[in-house]
Structures are given as C-alpha cells and as structure tokens.
Amino acid sequence: WLLIALMVVGPSVTSAQSTTVIVVSPAGAPDGAYTTIQAALADARTGDLIEVRAGVYRGPLVVDKAVTL
C-alpha cells in the first residue's frame, strides 16, 4: 500500500478565473467526474483543486501545471 499526499505549487499566477474543484473517485459519477487522477490532471487548469476520494489509484502521474491535490 502506498499513500501519497501531494501539494504541487508553481509560480504565483494572478487570474480572473476562479478555482475549480475537480473530484476523482474510483466509483466515478455521481461521487466524482473522474475515475483516474491522471484524467483529472489532464483536464485541470492552473490553480485548480483536485479532490481525490479514498480508493486505490494505479499508474504514474504527470503533473505539468500548478494544481493542488
């Protein structure tokens, strides 16, 4: 078992857009729109918050923008 807690912080960005909360759940909808963390990361924008519900998530993660997990 591997438990990962990440907070990815990039340079400060001032923007008119608001933070979007993206939910990841192994059960999918209605608990979350995404079943994988990587899919949520791919759709996230800089500054978004990705809420990961309890579960087992497999695979590598590519974090290429400033988001909070």
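Valine 24 stands opposite valine 52 in β2, and valine 21 is placed opposite leucine 49 of the strand β2. These positions belong to the pairing of strand β1 (residues 21-24) with β2, which is parallel and runs over four bridges; two strands are taken to pair if DSSP finds at least two bridges between them. The model is a predicted one, in which local features need pLDDT of at least 70 and side-chain atom pairs count only at pLDDT 80 or more, whereas totals for chains, interfaces and linings use all residues. Residues are numbered from 1 along each chain as its sequence is written, and side-chain values use heavy atoms, with hydrogens and water left out.

The protein has one helix and two strands, arranged β-α-β from the N terminus on. Helices (H or I, at least four residues) and strands (E, at least two) are DSSP runs, numbered from the N terminus. Together, β1, α1 and β2 make a right-handed β-α-β unit; a crossover is right-handed if, with the strands pointing away from the viewer, the path from the first strand over the helix to the second runs clockwise. Of the 69 residues, 22% count as buried, where buried means under 20% relative accessible area, exposed over 50%, and partly exposed in between (1.4 Å probe, protein chains only). Contact denotes heavy atoms within 4.5 Å. Among contacts between residues at least 6 apart in sequence, 49% join residues at least 24 apart.

Aspartate 48 is situated in the loop between α1 (37-43) and β2 (49-52). This residue is buried yet has no salt bridge, the nearest side chain of opposite charge being that of arginine 45, 4.2 Å away. For this assignment, Lys and Arg count as positive and Asp and Glu as negative, while His and the chain ends are not counted. A salt bridge is a side-chain nitrogen of Lys or Arg within 4 Å of a carboxyl oxygen of Asp or Glu. The side chain of aspartate 48 instead has polar atoms close to backbone nitrogens: that of arginine 45 lies 2.8 Å from such an atom, and that of threonine 20 lies 3.2 Å from one. A polar contact is a pair of N or O atoms within 3.5 Å; within protein, one must be able to donate a hydrogen and the other to accept it, and residues adjacent in sequence count only if both atoms are side-chain atoms. Apart from neighbours within four places in sequence, aspartate 48 is in contact with Ser18, Thr19, Thr20, Ile22, Ala66, Val67 and Thr68.

Tyrosine 57 is located in the segment after β2 and counts as partly exposed, at 22% relative accessibility. The side chain of tyrosine 57 reaches two backbone oxygens, that of arginine 53 at 2.9 Å and that of valine 24 at 3.4 Å. Tyrosine 57 and valine 24 are 33 residues apart along the chain, and their C-alpha atoms are separated by 9.7 Å. With neighbours within four places in sequence left aside, the contacts of tyrosine 57 are Val24, Ser25, Pro26, Thr35, Ile37 and Val52.

Two of these contact partners, serine 25 and threonine 35, are placed in the loop between β1 and α1. Serine 25 counts as buried because its relative accessibility is 4%, whereas threonine 35, at 45%, counts as partly exposed. Beyond neighbours within four places in sequence, serine 25 is in contact with Asp31, Gly32, Tyr34, Thr35, Arg53 and Tyr57. The C-alpha atoms of threonine 35 and arginine 53, 18 residues apart along the chain, are separated by 9.8 Å.

Side chains of opposite charge can pair when their charged atoms come close. The structure holds two salt bridges. In one, glutamate 51 is joined to arginine 53, with the closest N and O atoms 2.8 Å apart. Glutamate 51 is partly exposed, with a relative accessible area of 32%, and arginine 53 is likewise partly exposed, at 33%. In the other, the side chains of lysine 65 and aspartate 64 meet at 3.9 Å, N to O. Aspartate 64 is exposed, with a relative accessible area of 62%.
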